[in-house]
Amino acid sequence: IKKYNSTFFQFMNRRASANCRYQPTCYEHAANCYTHAFLIAPAFVGMALLHRLSDNRWETITAWVYGIGLCALFLVSTVFHIITWKKSHMRAVEHCFHMCDRVVIYFFIAASYTPWLNLRELGPLAAHMRWFVWLMAAAGTIYVFNYHEKYKLVELAFYLTMGFFPASVVTSMSNTEGLHELACGGLIYCLGVVFFKSDGIIPFAHAIWHVFVALAAAVHYYAIWKYLYRNPTRDF
Ligand SMILES: [Zn+2]
């Protein structure tokens, strides 16, 4: 067992102390980069497809907003992980991209809700969520710029609030098609958070978190494509 442990754990460093950052091994750095780098191109293709399927201005604008959110997430994450791996001596640059990596998550959550908020009929109160999600993303951004890496659990609580609170609008939706997929994607994100918090406990924990993000984003994309954009009376 001891031999097994030593080969297994060469892929992982020791857990960081409270409010310090975990230092990944080079294997983990590589996995962190590749797991999101491979999704940049599919994100652009996905954006183009929704754009092509748009039948009116509102759908086109929504395809842009959601598509940009999707591409930005994988792009910024990949650049951040490349810099952390190869350019960690450039502390200011690395710090800046770490903040960008955190900020882009807030905007990605807002962008992921946008198709449902813009293209589904909502009740008069729930309709305010269309702008409120962006207000929450802005608040998250301000938080990152002021308290970056200071209170990690507060940050996680912010992400979870932003991730679940907008879902309350479903209570006012008359058309509830696709909400199972929406919930399924949300569940995958939540399972992923377990790995997000497991650096130094499970080897490649952060890369596994990336895979969960990719899977959840794919499930959400599928639901948006199928229920909000695809026109069943046409070929697509
Ligand atoms: Zn990451």
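**View 1. F204 is buried, with 22 other C-beta atoms within 10 Å.** The model shown here and in the views below is predicted. F204 lies in the loop between helix 8 and helix 9. Its phi is positive, about 60°, although F204 is not a glycine. The burial call follows from the count, because 20 or more other C-beta atoms within 10 Å make a residue buried.

**View 2. Helix 8 packs against helix 9.** Helix 8 spans residues 179–196 and helix 9 spans residues 205–229. Their axes come within 8 Å and cross at roughly 175°. Helix 8 is therefore roughly antiparallel to helix 9. On the helix 8 side, the contact includes E181, L182, C184, G185 and I188, as well as F195 and F196. On the helix 9 side, A205, I208, W209, F212 and V213 are among the partners, as are H220, Y222 and A223. By class, the residues of this contact are 17 nonpolar, three polar and one charged.

**View 3. H81, H206 and H210 carry a "binding site" annotation in UniProt (unreviewed entry).** The three residues spread over 130 residues of sequence, yet they cluster in space. The largest C-alpha distance among them is 11.3 Å. H206 is partly exposed, with 19 other C-beta atoms within 10 Å. H210 is buried, with 26 other C-beta atoms within 10 Å. Leaving out residues up to four places away in sequence, H206 touches P24, E28, N32 and D199.

**View 4. Helix 5 packs against helix 6.** The two axes lie 9 Å apart, at an angle of about 175°. Helix 5 and helix 6 are therefore roughly antiparallel to each other. Helix 5 contributes M99, R102, V103, Y106, F107, A110, Y113, L117 and N118 to the contact. Helix 6 answers with residues including M129, R130, V133, W134, M136 and A137. The residues of this contact divide into 14 nonpolar, three polar and two charged.

**View 5. The largest nonpolar core has 48 residues.** Those with the most contacts inside this core are L70, V104, Y106, F107, F108, A110 and V133. At least two core residues come from each of helix 3 (40–53), helix 4 (57–86), helix 5, helix 6 (129–147), helix 8 and helix 9. Helix 5 gives the most, with 13 residues. V104 is in contact with A72, L73 and V76, setting aside its neighbours within four places in sequence.

**View 6. T114 lies in helix 5 (residues 91–119).** T114 counts as buried, with 22 C-beta neighbours inside 10 Å. Beyond residues up to four places away in sequence, T114 touches T62, V65 and Y66. T114 and Y66 are 48 residues apart in sequence, but their C-alpha atoms are 6.6 Å apart in space.

**View 7. Two annotated transmembrane regions are helical throughout.** In its unreviewed entry, UniProt places "transmembrane region" features at residues 31–51, 63–83, 103–119, 125–144, 156–173 and 208–228. Over residues 103–119, the chain is 100% helix and 0% strand. The end C-alpha atoms of that stretch are 25 Å apart. Residues 208–228 are also 100% helix and 0% strand. Here the end C-alpha atoms are 30 Å apart.

Terms used. Residues numbered from 1 in each chain as written. Predicted model: local features only at pLDDT ≥ 70, side-chain atom pairs only at ≥ 80, totals over all residues. Axes fitted to C-alpha atoms, helices over the stretch in contact; angles between N-to-C directions. Helix = DSSP H or I, 4+ residues; strand = E, 2+ residues; numbered from the N terminus. Parallel < 35°, antiparallel > 145°, perpendicular 65-115°, else oblique. Contact = placed C-beta atoms within 7 Å. Nonpolar A, V, L, I, M, F, W, Y, C, P; charged D, E, K, R; others polar. Buried ≥ 20, exposed ≤ 12 C-beta atoms within 10 Å, placed from the backbone. UniProt positions renumbered as here; feature names shortened; annotations may be inferred. Core = buried A, V, L, I, M, F, W, Y, C linked by C-beta atoms within 7 Å.
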